[in-house]
Amino acid sequence: MTTTLSGKVAIVTGAAGRLGRAAALLMADRGARVLCVDRAPEVIDTVGLLAARGGQADAVQTDCATEKGVAAMVDQAVRDFGRLDILHANAGILGPFTPSFDEGAEDFAEILRVNLIGPWLAIRAAVPRMAPGGAIVVTSSVAGLRSGAGGVAYSASKAGLINLVQTTAQLLAGTGIRINAVAPGLVETGMTQALFDAARSRGREARIGQLNPARRAGEPAEIAEAVAFLASDAASYISGQVLVVDGGLSSSLPVAPRPAGI
């Protein structure tokens, strides 16, 4: 089996952000033709970056957490490239980072709409159009594994995605289509930028990622590697799983870190 994506067509949602852009770039580098989707106009910039590297790409600027939006992106992928092999349901929003009872019902519902209902709508629209051997990769988070990595609504939405992957894997039994999730840890993105900026402004940049055995934050390209692997034929016997990419953060309950041998 190989990690090449040559000949495959991929849809990447949330492609204007750093995680989505990194995944789109890597999949294009490995031979996929990529439809980049986001409601932000910067999705056009992502297509420009892919084209500058010799990739084949197009863009759809739409809300991919609506039935109209997901139908449009799937239709365009098939129209532009003739097939659909990969869906990377990556679009998401953060909301308040600190857990609190102050999250309003409308804000809570909007986070669930974008982060959880949106991927389900995308999956439902894409599956009937996917070629045999297709792959779906959803972006969850370590916040979906346990508390301590995000607000209540965000964490609940990411936990819901993990179960969505598991239950959908069963729905896809016998179709030849796989579905998995990646669960990033601390990565510098548009959603986490304020945390990184605050640490730097206080002279605490060296403490970013200090709770990880890796002792650093992750890079979008490192998450993209996991996404591209799960989308490739090299992961042909993996479905219904969550690949955690967090520098080891979730491998332990909270303890005071000590150097090895002490």
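In the predicted model, the buried residues of helix α3 are Gly69, Val70, Met73, Val74, Gln76, Ala77 and Phe81. Viewed down the axis of α3, these buried residues fall within an arc of 160 degrees, so they line one face of the helix. An α-helix has 3.6 residues a turn, so residues three or four places apart point the same way. On the other side of α3, the exposed positions include Glu67, Lys68 and Arg79. The cover over the buried residues of α3 includes the strands β1 (9-13), β2 (33-38), β3 (57-61) and β4 (86-89), together with helix α4 (105-126).

Helix α3 spans residues 67-81, 15 residues in total. From its first C-alpha to its last, α3 reaches 21 Å, close to the 21 Å expected at 1.5 Å a residue. Glycine 82 follows α3 and has a positive phi, near 85 degrees.

The protein as a whole contains 7 helices and 7 strands. Along the sequence, these elements are arranged in the pattern β-α-β-α-β-α-β-α-β-α-β-α-α-β. Of the 262 residues, 46% count as buried. Among contacts between residues at least 6 apart in sequence, 70% join residues at least 24 apart. The accessible surface of the protein comes to about 12400 Å², and carbon and sulfur atoms account for 56% of that area.

The count of disulfides is 0. Cysteine 36 counts as buried because its relative accessibility is 0%, under the 20% limit. Cysteine 64 also counts as buried, with a relative accessibility of 11%.

Serine 232 is located in the loop between α7 (220-231) and β7 (242-245). With a relative accessibility of 0%, serine 232 counts as buried. The side chain of serine 232 reaches the backbone oxygen of phenylalanine 229 at 2.7 Å. When residues up to four places away in sequence are not counted, serine 232 touches Thr2, Thr3, Thr4, Leu5 and Arg178.

Lysine 8 is placed in the segment before β1. Its relative accessibility is 13%, and lysine 8 therefore counts as buried, the limit being under 20%. Apart from neighbours within four places in sequence, lysine 8 is in contact with Gly31, Ala32, Arg33, Asp85, Ile86 and Asp233.

The phi of arginine 215 is near 60 degrees, a positive value in a residue other than glycine.

Notes. Residues are numbered from 1 along each chain as its sequence is written. This is a predicted model: local features need pLDDT of at least 70, side-chain atom pairs count only at pLDDT 80 or more; totals for chains, interfaces and linings use all residues. Side-chain values use heavy atoms; hydrogens and water are left out. Helices (H or I, at least four residues) and strands (E, at least two) are DSSP runs, numbered from the N terminus. Buried means under 20% relative accessible area, exposed over 50%, partly exposed in between (1.4 Å probe, protein chains only). Contact means heavy atoms within 4.5 Å. Accessible areas come from the Shrake-Rupley method with a 1.4 Å probe; for residues, only the protein chains shown count as cover. A disulfide is a pair of cysteine sulfur atoms within 2.5 Å. A polar contact is a pair of N or O atoms within 3.5 Å; within protein, one must be able to donate a hydrogen and the other to accept it, and residues adjacent in sequence count only if both atoms are side-chain atoms. The expected span of a helix is 1.5 Å times one less than its number of residues. The arc is that of the directions from the helix axis to the C-beta atoms.
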